[in-house]
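Grab a pencil and work through the exercises below. Each one sets a task and then walks through a solution.

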Amino acid sequence: EASEVAVSSLRFADGSILRTAPVNGVQFTVGDGLRLESGSLSFPAAGDACDPTAEKLLGFEQNGSLTCAQLPAMLRPITDNMTLNVGLGMPLATVPAALALLVDRPISSNATVTIQVANGIYDYAESIVVRHRYADRIRIVGNETDPALVRIVMQGTAAAVVVDSGTTLGYLNGFTFDGNNKAVQQSGIMLHDSSVIYGGDKVIVQNFAHTGVVVGTGSRLVGRGWVSKGNGHNGFVIYNNSILAMEGALAQDNEHNGIYVSSASTASVTNSRAEGNTYSGFQADFGSKIDANNSTAVGNSIGFIASNNGVMTAINAVAEGNTQGGFYGTDGGVLRADNSRSTGGVIGYYSSFSGYVEAANSTSQGARDYNFLADHNGAIYAVGATAKSSRHGFIASNHAHLLAIHSKAEANQHGYWSQHGSNLYAHGAQALNNTGYGFFSHRDSAMQTYDVTLSGNGNDYNAVPVNGIMH
């Protein structure tokens, strides 16, 4: 006959716990580490040895063995690949319902659980919260061809996806997570507390009141081509020693930053695009690093900015039509943007307050005021650069430094300008068809102009006698 023992949980040797309702405090051990603590569980008096994983779950000494088949299904370790179908017409209504079936259930290292969501539009009142001990063996999948066909619209104040407590989610892909026209006063996807998501290349996060994707406190997000758009604050925020690896990302029409990285964090977002964001497209702030090589920033306020000792590489990058400027290095920030291009805006390339911009062989065209401006102790390295069609081509001001040797200033009002205790190095440069001065230095400033080429300027040289120096 079956015996019945009061238990509240099953604890395996590896530390995982399978919970049941608590009844009393009886505790004992079954075989190799299966511990039962208060509650109720029936088991047979005899049977074959159960070996669902490498650890044998032997029966009670006084009652014989416990077989795998007789272990309740919800408590049985998962040893083979499993798919839980979710959605319209499926056995499970929501992803949280599927995850509830897996709570504390061990998943062996050679097994994967796939939560497959059918096409449809779903209203979710609760977040998809992933905290499973074996979540690295869990895949949450929608439509991996067209993520718009699996749309989860959040209600109330719940974020769409939360992964925290040191959890690693093995795979997430094929979804549009929607903040219901910013009605959700929350972010879309949130990683915290040294957690990880491995994603695919078909995820859209949109219309949340705060930020689309947040990766914080030592966490990491790995994916490709994710889209974060129309959010009330930022597209992507990476902060506090966290990592984003997301080639080909799109941050679009967010009400502050596109991709913002802060507090000693790192983002690799090569070949990405930031478009129509109210402030910056890409920003490395407060000691963080961004690799945005081959990326594009269009129609933001500032395209690329490294600030407060942040570091960014934006080699071969393009900034077009950003209302304030293309490439900025400010407040100790370092921006390396060789072979890049800026079009339009107020300033093409700008450094200030001990910031540094490297723009060798880069081009700025059509900036309203300055194509290249080093200001307030800033520095710009613009060897071989080209400045066209602005009020100033290259200007160093307020104790700044601008290295523009072998560069070209063409069709500006003024080609090269140094003022207020600054230094501009322009030997081997070309000043062509500028309506004002080709080279101009004044107010305790200096300019080096060896072996230059001048043609079609209103005035070729001028060293104003207020301590201006020109060599």
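On a 1 Å grid over the protein atoms alone, a pocket is an open set of points where a 1.4 Å probe fits, with protein on both sides within 12 Å along at least five of seven lines; its lining residues have an atom within 4 Å of a point. The model is predicted, so local features need pLDDT of at least 70 and side-chain atom pairs count only at pLDDT 80 or more, while totals for chains, interfaces and linings use all residues. Residues are numbered from 1 along each chain as its sequence is written, and side-chain values use heavy atoms, with hydrogens and water left out.

**Exercise 1. Describe the largest pocket and its lining.**

Step 1: start with the volume, meaning the space filled by probe spheres set on the grid points, where points are joined across faces, edges and corners. For the largest pocket that comes to about 250 Å³.

Step 2: list the lining. It has 14 residues, and those nearest the centre are Leu99, Ala100, Val103, Val129 and Arg131.

Step 3: assign elements. Helices (H or I, at least four residues) and strands (E, at least two) are DSSP runs, numbered from the N terminus. α1 (95–101) and β10 (128–130) each bring at least two residues to the lining, and α1 gives the most, with three.

**Exercise 2. Sum up the protein as a whole.**

Step 1: count elements. There is one helix, against 53 strands.

Step 2: check burial. Buried means under 20% relative accessible area, exposed over 50%, and partly exposed in between (1.4 Å probe, protein chains only). By that rule, 56% of the 471 residues are buried.

Step 3: look at contacts, that is, heavy atoms within 4.5 Å. Take the contacts between residues at least 6 apart in sequence: 43% of them join residues at least 24 apart.

**Exercise 3. Follow the strand pairing through Ile140.**

Step 1: recall the rule. Two strands pair if DSSP finds at least two bridges between them.

Step 2: go to one partner. Strands β8 (residues 113–117) and β11 (residues 138–141) run parallel, joined by four bridges, and Ile115 sits opposite Ile140 of β11.

Step 3: go to the other partner. β11 also pairs in the parallel sense with β14 (residues 168–173), over three bridges. There, Ile140 has Leu172 as its bridge partner.

**Exercise 4. Work out how β15 is placed between its partners.**

Step 1: sort the side chains. Phe175 and Phe177 point one way from β15, Thr176 and Asp178 point the other way, and all are buried.

**Exercise 5. Is Ser228 buried or exposed, and what does its side chain reach?**

Step 1: Ser228 belongs to strand β21 (residues 227–229).

Step 2: read the accessibility. Ser228 counts as buried because its relative accessible area is 0%.

Step 3: Beyond neighbours within four places in sequence, Ser228 touches several residues, including Val205, Gly235, Phe236 and Ala251. Ala251 is 23 residues away in sequence, yet the C-alpha atoms are 5.0 Å apart.

Step 4: check the side chain. A polar contact is a pair of N or O atoms within 3.5 Å; within protein, one must be able to donate a hydrogen and the other to accept it, and residues adjacent in sequence count only if both atoms are side-chain atoms. The Ser228 side chain reaches the backbone oxygen of Gly235 at 2.7 Å.
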